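Here is a short report on surface, core and aromatic contacts. The sequence and structure come first.

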Amino acid sequence: MSLEEEYEQETGKKALRNGSETKVFQKWKNKKIFKMVIDTREQEPYDYENSVVKCLKTGDYSTLGYEDEMAVERKSLSDFVNSITKGRERFEREILRAKKDLKFFAIVVETDLERVWSEPLYSKINRRSITNAILFWIVKYNVPILFVTNRIRGKYAVRELCEAYVNYKTNDKYKELFEQIYG
């Protein structure tokens with residue numbers, strides 16, 4: 001059974017209109033065939049239903065078939081603080097590698113900025129230095145850094161970033177814009 005037939009049987013709706021895929025069908029199809037890729041070195045991986053574990057060059061998460069184009073790095077607050085302090089040089093090299101090798105790279109931090117200022121950090125770093133590093137890295141490396149409150153929201157944000165990349169890249173309506181932005 002083709003994906004079009006499966007969709008029509010499952011939803012009772014037509015997959016094609018005037019010979020083109022409907023938007024609703026495209027979203028359904030992407031979710032059906034969409035697979036998250038989790039890096040083998042990820043210490044605390046999110047549990048995604050439709051996922052594979054394999055070694056990624058950069059980042060902790062990607063999308064199957066797009067591993068050489070996009071990745072998302074997940075950080076807990078303590079891991080992020082460590083990346084700004086002791087592991088700064090290594091992490092900046094990782095960001096540079098990602099910017100050189102990938103079309104899209106983002107960092108998702110499992111906390112919010114309020115906690116940066118209120119939670120014990122187990123580090124002598126000045127909290128203003130953390131905030132400055134965040135702001136400067138966003139500008140310096142042109143990398144989005146998302147603060148997502150907790151792991152549940154982090155899991156959602158990572159998957160949505162991966163899905164959004166695939167959806168914009170594969171949607172004919174956005175192909176020209178995608179090429180202008182990501183080359």
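Which residues make a nonpolar surface patch of about 410 Å²? Leu-135, Phe-136, Ile-138 and Val-139 do. Patch residues have over 30% relative accessible area and no salt bridge, and nonpolar side chains (Val, Leu, Ile, Met, Phe, Trp, Tyr) are joined within 5 Å. Ile-138 lies in helix H6 (residues 127–141). Ile-138 counts as partly exposed because its relative accessibility is 32%.

The model is predicted: local features need pLDDT of at least 70, side-chain atom pairs need 80 or more, and totals for chains, interfaces and linings use all residues. Numbering runs from 1 along each chain as its sequence is written, and side-chain values use heavy atoms, without hydrogens or water.

Helix H3 (residues 77–84) has these buried residues: Leu-77, Phe-80, Val-81, Ser-83 and Ile-84. They sit on the same side of H3, because they cover an arc of only 160° around the axis. Buried means under 20% relative accessible area, exposed over 50%, partly exposed in between (1.4 Å probe, protein chains only). Their cover includes helix H4 (88–101), strand E7 (104–109) and H6.

The whole structure holds 14 aromatic pairs. Ring centres of a pair lie within 6.5 Å; planes under 30 degrees apart are stacked, over 60 edge-to-face, the rest tilted. Two edge-to-face pairs are tabulated.

| Pair | Centre to centre | Between planes |
|---|---|---|
| Tyr-165 and Tyr-182 | 5.9 Å | 70° |
| Tyr-168 and Tyr-174 | 4.8 Å | 75° |

Tyr-165 in helix H7 (residues 151–170) and Tyr-182 in helix H8 (residues 175–182) are 17 residues apart. Tyr-165 is buried at 4% relative accessibility, whereas Tyr-182 is partly exposed at 27%.

Methods. Patch = residues over 30% accessible without salt bridge, like charges linked within 9 Å, V, L, I, M, F, W, Y side chains within 5 Å. Areas by Shrake-Rupley, 256 points an atom, 1.4 Å probe, with all protein chains shown as cover. Salt bridge = Lys/Arg side-chain N within 4 Å of Asp/Glu carboxyl O. Helix = DSSP H or I, 4+ residues; strand = E, 2+ residues; numbered from the N terminus. Arc of directions from axis to C-beta. Contact = heavy atoms within 4.5 Å. Phe/Tyr/Trp six-rings, centres within 6.5 Å; stacked < 30°, edge-to-face > 60°.
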